[in-house]
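Let us walk through this model from one contact to the next. Keep the sequence and the structure in view as you read.

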Amino acid sequence: VVYLAPGGWAPFAGYSQSFQPLGGTNARGERFDPTEGEQFEVGVRWQPPGQQDLLLSAAVYDLRRSNVLTPDPDNPQFSVQTGEARSRGAEFEVRGQVSRHLEVVGAYAYTDRRISRSNRPEEVGRRAAEVPYHQASLWGSYRLAVWGLPGWTLGMGLRYTGDMADGRGSPCRIPGYGLVDAMLAWQDGPWRVALNARNLFDKEFLTCSGAYCRHGSPRTVTVSA
């Protein structure tokens, strides 16, 4: 639900439900029910009157996931669906035309995800793994027509992911990282050709799931038309 208020303000509120199927069975051979989610969100967007090229938005949310797998106290090699996790956070975004040729998009997200129910008492209240407190991104694209190169656009951006818990309750942390992306594109009429590079400087970093980690994607270059 969105309300368009005077002065370019647009407060909004949202409610959503979700589910995700799970594989495997419990100790009795019964298939698991889907994990279910319920989210409440409120926020506001602002576009200054007469400035169609600038938009700011902010939102806060509360998300609960139920039917989360947790160890079976009677059969530790199996799991039961009595776990619950709760995420609370805030998101901010700004996008705008800084000048005639430069466009910028920036975003920041804060997420506090914790285990709210588990068959392991020591886990309750613990910061959940795989979810950093802080994530941010900044992207800018510059049209090179001012340099006598009509149709050409140069882009560059930064993606930051903060440190994460390791999922075992230890004081160890999976270190955060920042990645640089770049783009060079040419467009003429209906045709657009682009060269994109993700992780431009080939930085090494880890992505983890529970107690298992792997190296993140190295430098990746693609050409599209």
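Start with Leu149. At 38% relative accessibility, this residue counts as partly exposed, because buried means under 20% relative accessible area, exposed means over 50%, and partly exposed lies in between, with a 1.4 Å probe and protein chains only. Leu149 is found in the loop between β6 and β7. Strands such as these are DSSP runs (E, at least two residues), while helices are runs of H or I with at least four residues, and both are numbered from the N terminus.

A word on the source. This is a predicted model, in which local features need pLDDT of at least 70 and side-chain atom pairs count only at pLDDT 80 or more, while totals for chains, interfaces and linings use all residues. Residues are numbered from 1 along each chain as its sequence is written, and side-chain values use heavy atoms, with hydrogens and water left out.

Leu149 belongs to a nonpolar patch on the surface. Patches are made of residues with over 30% relative accessible area and no salt bridge; nonpolar side chains (Val, Leu, Ile, Met, Phe, Trp, Tyr) are joined within 5 Å, like charges within 9 Å. Three strands, β7, β11 (191–198) and β14, each supply at least two residues of the patch.

Now step back to the sheet. It is open and has 10 strands, in the order β1-β2-β3-β4-β5-β6-β7-β10-β11-β14, with antiparallel pairing. Two strands pair if DSSP finds at least two bridges between them. The edge strands are β1 (9–20) and β14 (220–224), each pairing on one side only. From one strand to the next, the twist averages 15°. The axes are lines fitted to C-alpha atoms, for helices over the stretch in contact, and angles run from 0 to 180 degrees between N-to-C directions.

Look at β6 and β7 within this sheet. Strand β6 covers residues 134–143 and strand β7 covers residues 152–161. The two run antiparallel and are joined by nine bridges.

Aromatic rings come next. A pair of aromatic rings is described by the distance of the centres and the angle of the planes. Rings of Phe, Tyr and Trp (its six-membered ring) pair if their centres lie within 6.5 Å; planes under 30 degrees apart count as stacked, over 60 as edge-to-face and the rest as tilted. The structure holds six aromatic pairs. One of them, Phe92 with Tyr108, is stacked, at 6.3 Å centre to centre and 20° between the planes. Phe92 lies in strand β4 (residues 79–97) and Tyr108 in strand β5 (residues 102–117), so this pair ties together parts that are 16 residues apart in sequence. Phe92 is partly exposed at 42%, and Tyr108 is partly exposed at 31%. The rings of Tyr142 and Trp147 have centres 6.0 Å apart and planes at 55°, so that pair is tilted. Trp147 counts as exposed, at 62% relative accessibility, whereas Tyr142 is partly exposed at 27%.

A salt bridge is a side-chain nitrogen of Lys or Arg within 4 Å of a carboxyl oxygen of Asp or Glu. The count comes to seven salt bridges. Asp62 and Arg86 meet in one of them, at 2.5 Å, N to O. Asp62 lies in strand β3 (residues 54–71) and Arg86 in strand β4, so the pair ties together parts that are 24 residues apart in sequence. Asp62 is buried, at 17%, but Arg86 is partly exposed, at 24%.

Arg159 and Asp181 form another salt bridge, at 2.7 Å, N to O. This pair links distant parts of the chain, with Arg159 in strand β7 and Asp181 in strand β10 (residues 177–188), 22 residues apart. Asp181 counts as buried, at 9%, while Arg159 is partly exposed, at 27%. Elsewhere, Arg64, Glu84 and Arg117 are linked in a network of salt bridges.

Technical notes: Areas by Shrake-Rupley, 256 points an atom, 1.4 Å probe, with all protein chains shown as cover.
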